[in-house]
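Hi everyone, thanks for coming. Let's have the structure up on the screen, and then I'll walk you through it.

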Amino acid sequence: MTTIRDVELHGELPTLDKPTLVVMLQGWIDAAGAANEAMSAIESQIEPLPIATFDPDVFIDFRARRPTMEIRDGRNSNIEWPSIDLYAGRDKSGHDVLILKGSEPDSAWHRFAAAVREISVRLDVSMMIGLGAYPFPTPHTRPSNLSCTTPSAELLHRHEFVRTSVDVPAGMTAVLEQVLHDAGIPAISIWAQVPQYIPAMTYPAAAVSLLDGLRTTAGLVFDRGPLQHEAVIQTERLDRLVAKNPEHLAMVTKLEQAYDSIAQPTLPLEPTPIRESDIPTPEELVAELEAFLRDGDADGR
């Protein structure tokens, strides 16, 4: 059997037709859990076949990511360990897909990246796509914009994602971008923008945008219907909540103007400047949202 350092293979590596590797490792920036929600939707649709597990004793600090003890009527019935796993499957169009999911490594990043590179080369991976989400001054009334990071000038030229110039701490996905790019495998990460006034709740609209981004970038097709349905319901609730507060309504209007001026730069629209003080904190909005959901609204919903 083929062996790879720090990796437990679940049988021989399968024969795949130039699979796309989709990466979402928990522990770095993922506003509203949108990237994790998108990955969960993918996993539920590909009939995942376990390919490999990365040695948790090498890559995971169990004091930082403690295992979960399942207690049933006082009995310690099970210990659930955090892990990093690779699965194979197919999208709705029959394209081979690999998903790398689990906890972001706490240590030995170079060894982890080397192991992912070796598996990717052996499986003839055609492209790597990372998933992420970050808070941004954007309105919930518009689709979530996507930005990207990639070492490839060709990929950057091909896709019209939002671009920026900034120095920020890197996550493992960024490291994999560089390592796989250097190995001749195109690599890009797509990031959904999540309204920064959204409190600690899921934001399915951003997960929908990430699934759309996978289709645009690599032609991968996944069912987005359930997430889109959740996004519509959430948008309606947020609309009713915002309408009850003139200050919040003015904030959303300003964000819409800024969003539209970027989406349609030829419009003779001068967006009203928005200040950080115009945006309610997540703590302020979550209190209002909890009261709104508890008390209902005029429509009784």
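So, aromatic pairs: there are six of them here. The rule is that rings of Phe, Tyr and Trp (its six-membered ring) pair if their centres lie within 6.5 Å, and planes under 30 degrees apart count as stacked, over 60 as edge-to-face and the rest as tilted. Take phenylalanine 54 and phenylalanine 112: their ring centres are 4.9 Å apart and the planes sit at 50°, so this pair is tilted. What does the pair tie together? Phenylalanine 54 belongs to strand E3 (residues 49-54) and phenylalanine 112 to helix H3, so the pair links parts that are 58 residues apart in sequence. When I say helix or strand, I mean DSSP runs numbered from the N terminus, with at least four residues (H or I) for a helix and at least two (E) for a strand.

Both phenylalanine 54 and phenylalanine 112 are buried. Buried means under 20% relative accessible area, exposed means over 50%, and partly exposed is in between, with a 1.4 Å probe and protein chains only. Phe54 and Phe112 also form one aromatic cluster with Phe59. Another pair is tyrosine 134 with phenylalanine 136, which is edge-to-face, at 6.1 Å centre to centre and 85° between the planes. Phenylalanine 136 counts as partly exposed because its relative accessibility is 32%.

A word on what we're looking at. This is a predicted model, with residues numbered from 1 along each chain as its sequence is written. Local features need pLDDT of at least 70 and side-chain atom pairs count only at pLDDT 80 or more, while totals for chains, interfaces and linings use all residues; side-chain values use heavy atoms, with hydrogens and water left out.

Zooming out, the chain has nine helices and ten strands. It has 301 residues, and 45% of them count as buried. Of the contacts (heavy atoms within 4.5 Å) between residues at least 6 apart in sequence, 77% join residues at least 24 apart.

Back to helix H3, residues 109-122, where we also find alanine 113. Is alanine 113 buried or exposed? Its relative accessible area is 2%, so alanine 113 is buried. Leaving out residues up to four places away in sequence, alanine 113 touches Val175, Leu176 and Val179. From alanine 113 to valine 179 is 66 residues in sequence but 6.8 Å in space, C-alpha to C-alpha.

Now, pockets. The search uses a 1 Å grid over the protein atoms alone, and a pocket is an open set of points where a 1.4 Å probe fits, with protein on both sides within 12 Å along at least five of seven lines; lining residues have an atom within 4 Å of a point. The largest pocket has a volume of about 840 Å³. It is lined by 34 residues, and the closest to its centre are Cys148, Thr149, Val166, Val168 and Trp191. Among the elements that each supply at least two lining residues are strand E8 (127-136) and helix H5 (172-182).

The second largest pocket holds about 220 Å³ of space. Its lining has 16 residues, with Arg142, Pro143, Ala205, Gln228 and Ala231 nearest the centre. Which helix gives the most to that lining? It's H7, with five residues.

That's my tour; happy to take questions.

How values were computed
Grid points are joined across faces, edges and corners, and a volume is the space filled by probe spheres set on the points.
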